[in-house]
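Here's a quick briefing to read alongside the model. Have the structure open as you go.

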Amino acid sequence: MLFFSLMLFFFRGRDLSAWGDVSKVFWRPVGVVALLHVPVLPQPAMAAIAAAWKVLLIASAVGLFTRFATAGAFVLGAYLIAIPESFGKIHHADAILVWAMAAFALSRSGDGWSLDALIRAARRPEDAANPPAARGEYTWPIRMMWLVMSIIFFNAGVSKLRHSGLAWVTSDVLATYFIHSNYGIGRPAGPPTSEWGLWFARHPALFRPMAGLSLLFELSLPLALFSRWARRIVVPGVFALQVGITLLMGPDFLRFAFCYLFWVPWASVGDRMRKAAETLRRHHFLYDGSCGICRKTVAVLSRLDLWKRIVFHDALNGWAEIHAAFPGLSQDDCLETMHVVTASGEVKTGFDAYRAISWSIPLFWPIAPLLYVPGVPLAGRRVYARVARNRHRAGCPVPERSAAP
Amino acid sequence: MRGRRLAPVLILAGVAVLWVGVEIAAPAAIRNLHAGRGPVALQRRLEGRERHSAEHYVTVWLGRARPAAAVLTVAALLAAALTIPAARRSFHEAVHRATGGDSVPQPEPPPRPRRIAVAGLAVLFAGGSLVELAIDPPYRGEHWPFSQYRMYSETPRRSPLVGLRPFGVTAEDPPREILLDGRYIRPFDGSRLAASWNRFVQEPDRERLLQAGLADCLRRYELRRAGGAFEGPPLQAVRLYRLTWDVDDRASTRDAPRRELICEVRASNAPTPSR
């Protein structure tokens with residue numbers, strides 16, 4: 001979700017179709033483009049492909065038809081990214097995006113947080129209680145991107161040793177690059193974001209250790225494949241290296257920056273957030289377990305409740321437990337209208353119940369304030385009442401009450 | 001079981017064949033081609049045959065092929081070692097320990113077809129990248145999407161700094177020269193265009209290429225200007241200059257390069273760009 005959102009952000013204003021209109025004198029196919037005789041299509045066709053690609057990126061980002069969308073995004077994206085590489089110069093930060101899209105195209109990334117998962121949960125509420133377990137199925141794309149980044153940096157380090165030897169560290173190589181970068185149009189990659197490079201270039205005691213550290217981090221990134229300690233030290237090191245290059249020399253590595261997301265231990269981050277949320281009090285959500293609409297709603301909400309701040313109770317089959325916890329509630333009322341007992345002990349029903357839990361689900365935060373706009377509560381209560389009135393007609397059986405204690 | 005025993009033998013045999021090919025067969029073939037024996041199409045691959053000896057080509061071949069063969073050999077030996085069950089078990093245990101051992105629950109692996117696809121993708125990337133590293137093609141001549149990532153790896157000469165840059169000559173009185181950067185001639189950015197100029201000036205038909213390239217820049221500028229992409233005056237000509245800077249440590253000469261006109265295309269007689 002995050003990766004494809006960032007891809008969309010990066011390519012949002014870029015007109016990739018314009019390459020279809022560039023003179024052929026600049027065309028010099030490289031690598032796989034030359035091997036497969038990939039043609040540059042006319043601009044209208046390129047524009048159609050670029051538009052389709054962006055639609056597929058949106059679908060991949062929200063996880064709609066994820067398998068198809070990620071595979072399509074890879075095929076079209078690989079074409080659109082490959083074509084410019086054959087117009088004069090290869091941008092070394094582009095290929096990594098193609099490899100990442102290839103990994104997602106082969107993965108089941110839509111099983112987690114995606115519209116597909118919500119739709120599945122709504123269709124089969126009984127499965128929603130069992131979200132996908134941790135499986136190699138879901139971890140290999142991350143390992144694949146670790147491998148890709150490790151080899152890229154390793155190759156860059158070996159290339160430096162091969163072409164300059166240790167002189168890359170011990171001589172003024174880095175200082176010369178700093179100075180050249182500050183010659184504005186003298187360096188075609190674009191000017192650096194600061195002139196600090198000129199200052200560093202005058203201090204061998206600073207730029208030589210910087211060169212040594214850069215080389216060390218590049219060569220040692222493969223260790224991060226096997227060692228957690230290396231991941232904690234070397235990955236931030238190469239990230240700092242690329243930030244430094246942007247600051248002091250010009251080229252930006254925004255596309256690489258997307259790929260650092262793969263090094264973030266998301267499972268641990270999620271666990272920590274959930275543990276932190278456990279200290280917060282929870283809402284209790286009471287619903288009619290015999291109602292199909294209610295069960296679908298619960299299935300979707302439970303997938304969206306990332307911090308597990310909502311406890312769901314079936315008011316039909318689990319009434320004894322509910323009654324023990326909240327003796328003031330009536331089973332008839334709870335089966336008639338959805339109830340939420342908020343963390344502060346207030347009882348909310350219908351639209352107000354939804355409004356109360358909207359603050360507990362991050363995805364609802366953007367719309368939660370809108371639910372307080374004058375007029376919205378009135379309309380919301382009416383819509384809720386109408387749906388509740390008609391829900392039995394929509395296929396929900398009339399509940400048979402369990403014996404209330 | 002027999003297949004498992006056979007696999008390392010086949011891999012080692014493949015390595016032996018590889019080295020025989022690199023060290024004996026290919027040099028012999030190169031000498032034959034240089035002497036005018038063998039397929040004409042392959043003889044043509046030896047550019048400048050009349051100027052260089054056969055040993056020159058053999059040396060170039062060995063310089064490229066030996067590192068590539070070395071990388072492949074290491075990979076093959078690793079693969080051969082991993083066909084031995086005990087070695088494979090040790091490797092798995094080492095990886096298991098390194099990745100957290102029993103303290104981390106090991107996830108269930110994906111189904112076999114996807115495992116094969118994933119392994120294929122990983123081997124394709126790793127193999128392609130390592131071969132690229134071994135053969136070390138010229139900078140900007142890599143086999144995209146593989147690369148040895150050679151940027152900033154060479155020892156650059158501090159001064160002078162030389163670059164080819166296009167300038168537009170405005171149709172004003174008096175005319176001005178403006179640098180045609182990415183803002184004016186998208187989708188090009190400075191770096192892609194600079195690489196193309198560097199190539200054009202080394203080609204035998206450089207004049208035609210430069211004229212056509214500059215005409216495309218002029219057309220692109222006027223198209224974008226007419227489309228409202230930027231506000232600017234019309235151009236009467238586009239010029240390509242070789243800019244030379246005498247570099248100093250404080251970059252104080254950055255705005256004062258020496259300029260040498262390489263090519264000019266006037267709007268009135270610009271060649272039609274080929275698309």
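Into which domains is chain B divided? There's domain 1 (2–99 + 110–153) and domain 2 (161–269), with bounds taken from an automatic or database domain assignment. Keep in mind that this is a predicted model, where local features need pLDDT of at least 70, side-chain atom pairs count only at pLDDT 80 or more, and totals for chains, interfaces and linings use all residues. Residues are numbered from 1 along each chain as its sequence is written, chains are lettered from A and ligands numbered from 1 in the order written, and side-chain values use heavy atoms, leaving out hydrogens and water.

**Chain B**
- The C-alpha centres of its domain 1 and domain 2 sit 42 Å apart.
- Chain B has seven helices and four strands, running α-α-α-α-α-β-β-α-α-β-β along the sequence; these are DSSP runs numbered from the N terminus (helices H or I, at least four residues; strands E, at least two).
- Of its 275 residues, 38% count as buried, meaning under 20% relative accessible area with a 1.4 Å probe, protein chains only.

**A helix pair in chain A**
- Helix α3 (residues 43–62) of chain A packs against helix α4 (residues 66–85) of chain A at about 140 degrees, with axes 8 Å apart; the axes are lines fitted to C-alpha atoms over the stretch in contact, and angles run from 0 to 180 degrees between N-to-C directions.
- In contact (heavy atoms within 4.5 Å), α3(A) residues including A:Trp53 and A:Leu56 meet α4(A) residues including A:Leu76 and A:Tyr79.

Key: Buried < 20%, exposed > 50% of the residue type's maximum accessible area, 1.4 Å probe, protein only.
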